[in-house]
Amino acid sequence: MKRFAHWLEEKQALGGTKKDVALLGLSGAALILSMAGVAWLPFDMAWIAVVLCGVPILLEAAIGLITAWDIKADVLVSLALIAAVWIGEDFAAGEVAFIMQLGALLEDLTVARARAGIEKLVRLTPQTARVVVNGEERTIAAQEVNIGDIVRVRPGESIPVDGEIISGQTSINQAVMTGESLPVDKTVGDAVSSGTVNQFGAFDMRATKVGEDSSIQRMIRLVQSADAGKAQIVRMTDRWATWIVVIALSAAVLTGLATGEIIRAVTILVVFCPCALVLATPTAIMAAIGNATKHGFLVREGDALERLAQVGRVAFDKTGTLTYGTPEVTAVRSLQQGVSERQLYAWTAAAEQRSEHPLGIAIAAGYKKQNNGVLPECQAFAMHAGQGIRARVEGRDILAGNAKLLAQAHIPVPQAVQAEAKAYAQRGSTLIYTAVDGTLAGYFVLADTVRSESADTVDAIRALGIQPVLLTGDHTHAAHAIAAQLHIQQVQADCLPQDKLHWIETSQQGRQMVCMVGDGINDAPALKKACVGIAMGGIGSDIAVEAADIALVNDEIRELPHLLALARRMMRTIRYNLCFSMGLNFVAIALAIPGILNPVVGALVHNAGSVLVIIHSAFLLKWRKKQ
């Protein structure tokens, strides 16, 4: 298949597909005229098809034999062409060459369609950027932008590099990176990704990731690494093709010697060409990769889907995979009479609005979300590292933080409240206490919330006969609390990276193939060790994405059951293709030995089978498991 991959690259670069269609059209017309007995030229019109379609096959076969002793389908096809011409069956030779090239074109079109979705990323790569230097704007090549440069993006333009908005407000169409159908509002401090499109207002941004490190380039590298030629099933069919060449030659020679009819030997060579065996298998793989792409997956390894079909367990990291990975306020409780929960929330959020701690940021963001972004003014803000913050809000002295901060300020926490805090901690939540004017006023419960689609995803995976497993670094109570919500029965908690690695290694030694799904740097070893590693491409770390075999671009894990079912369907399609093509070959040779099939009919039967299995593979492009 290296030949076909090489041809496809050349055709994409030189517009070769249109050229092939024209040559096939001319060859097909010549064959029709030959069959009709039209003689406009001093030679059989079928020779046009022999030259235009057959010569490239002969050249590829000769090059493969001479340079690498590569005995593949080209060798047998070439022998069939030469033998057919030698005995005067010009039409049969032209027909074999024509249908072989037609099958190759169908494969090219299938592969091109399969890659169409991910190649869109390449076309969306911005070529230029507007850089602001000393107040002046100038246009440079996007690859020349450096980290820290100020870049101006106008409405309707693609963002050239990753960065952070420093002035202006806008809405960004992030569909290419996240799959979101609606624009996302962005303002100062928000991150933006290269390749996404600025919808409305102009803004200035500071570049944070440029060149090969930008989001769009990372996705392109994943696309370029997808290679169906790496699949083990393809290598297996290549080996089969070599044996088929030997069997066909032996059968042809023995038949010719036994019957004394060369035409029967030639027919055997024609019908035994392993075209379907070699062409249809990688086409099925690439069609499945194209299907996966439309559902948000970028497949980095050609054999990843083959391995995925063998998986018996799916191990999930928790944070950022089954959960959103960011803390949210899940409960607010006031302990001070005369202070409502809403008032407590307002004071604490106002005090936390200058905080850099994720929990403080979550409290401020949660209040803004509920109250249209309006917060009271905050004065005298001070951070207490590892404990919390202090500030004045509406004349009140606000203290917000953990128990250590309250103890340092000599503010007691009642035993009942401590018991509540312990119960929340066992469920994986964190408490932030708030004191107002030196008295404990209440507390906030924050937790990493479970993705809305996680439970349905886990149930769908179990319905496929695959066991879900929670593999997390969280402590036991928090891990089991999340697992209970998601109906996951097997839990491995308190896992360091080496613990995850060891668990996967032990499982796979017991012939339980594992698919690992994660997003963090600590997941990278497990992603690499697992039979198949799937990284969350949107929020996942660069290291995790590079370690994985497959990246989920939009982080929509609800599509994971589809990918698992698709991998099994792909392998079923390949097996059907192999059985059909081999069965057709042996039936055809059985008919060719007694002379029932002649070279012309044999070529039609055999190559029609090749076209059928390629079309069968192409159905994978739109396949989806029925609910």
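This note sets out numbered points on the strands, salt bridges and surface patches of the structure above.

1. Basis of the model. The structure is a predicted model, in which local features need pLDDT of at least 70 and side-chain atom pairs count only at pLDDT 80 or more, while totals for chains, interfaces and linings use all residues. Residues are numbered from 1 along each chain as its sequence is written, and side-chain values use heavy atoms, with hydrogens and water left out.

2. Strand β1 (residues 128-133) pairs with strand β2 (residues 136-141) in the antiparallel sense, over six bridges. Here helices (H or I, at least four residues) and strands (E, at least two) are DSSP runs, numbered from the N terminus, and two strands pair if DSSP finds at least two bridges between them. Val133 has Glu136 in β2 as its bridge partner. Two residues lie between β1 and β2 in this hairpin, and Asn134 in the turn has a positive phi of about 55 degrees.

3. The sheet. An open sheet of six strands, with antiparallel pairing, has the order β2-β1-β3-β9-β4-β7. Its edge strands are β2 and β7 (191-192), each of which pairs on one side only. Strand β3 (residues 150-153) and strand β9 (residues 203-209) run antiparallel and are joined by four bridges. In this pair, Arg152 stands opposite Asp204 in β9. In general, strands of a sheet pair through backbone hydrogen bonds, either parallel or antiparallel.

4. The structure holds 16 salt bridges, a salt bridge being a side-chain nitrogen of Lys or Arg within 4 Å of a carboxyl oxygen of Asp or Glu. One of them joins Glu137 to Arg154, with the closest N and O atoms 3.0 Å apart. This pair links distant parts of the chain, 17 residues apart: Glu137 belongs to strand β2, and Arg154 to the loop between β3 and β4 (162-167). Glu137 counts as partly exposed because its relative accessibility is 30%; the class lies between buried (under 20% relative accessible area) and exposed (over 50%), with a 1.4 Å probe and protein chains only. Arg154 is likewise partly exposed, at 37%.

5. Arg396 and Asp437 meet through their side chains in a salt bridge of 3.4 Å, N to O. Arg396 lies in strand β15 (residues 396-401) and Asp437 in the loop between β16 (430-436) and β17 (439-450), so the pair ties together parts that are 41 residues apart in sequence. Arg396 has 33% relative accessibility and counts as partly exposed; Asp437 is partly exposed at 42%.

6. A salt bridge within a helix. Asp459 and Arg462 form a salt bridge whose closest N and O atoms are 3.2 Å apart. The two residues are separated by about one helical turn because they stand three residues apart in helix α17 (residues 454-463). Asp459 is partly exposed, with a relative accessible area of 30%, and Arg462 is partly exposed, with 32%.

7. Arg130 lies in strand β1 and, at 22% relative accessibility, counts as partly exposed. The C-alpha atoms of Arg130 and Val153 are separated by 6.9 Å, although the two residues are 23 apart along the chain.

8. Surface patches. Arg569, Arg572, Arg575 and Lys625 gather in a patch of positive charge on the surface. Patches are made of residues with over 30% relative accessible area and no salt bridge, like charges being joined within 9 Å and nonpolar side chains (Val, Leu, Ile, Met, Phe, Trp, Tyr) within 5 Å. Lys and Arg count as positive and Asp and Glu as negative, with His and the chain ends not counted; the place of a charge is taken as NZ of Lys, CZ of Arg, CG of Asp or CD of Glu. Arg575 is in helix α22 (residues 560-592) and is partly exposed at 49% relative accessibility. A nonpolar patch on the surface is formed by Trp40, Leu41, Phe43, Trp47, Val51, Val55, Leu59 and Ile63, which together have about 780 Å² of accessible area. Accessible areas come from the Shrake-Rupley method with a 1.4 Å probe, and for residues only the protein chains shown count as cover. Val55 is found in helix α3 (residues 46-68) and is partly exposed at 35%.
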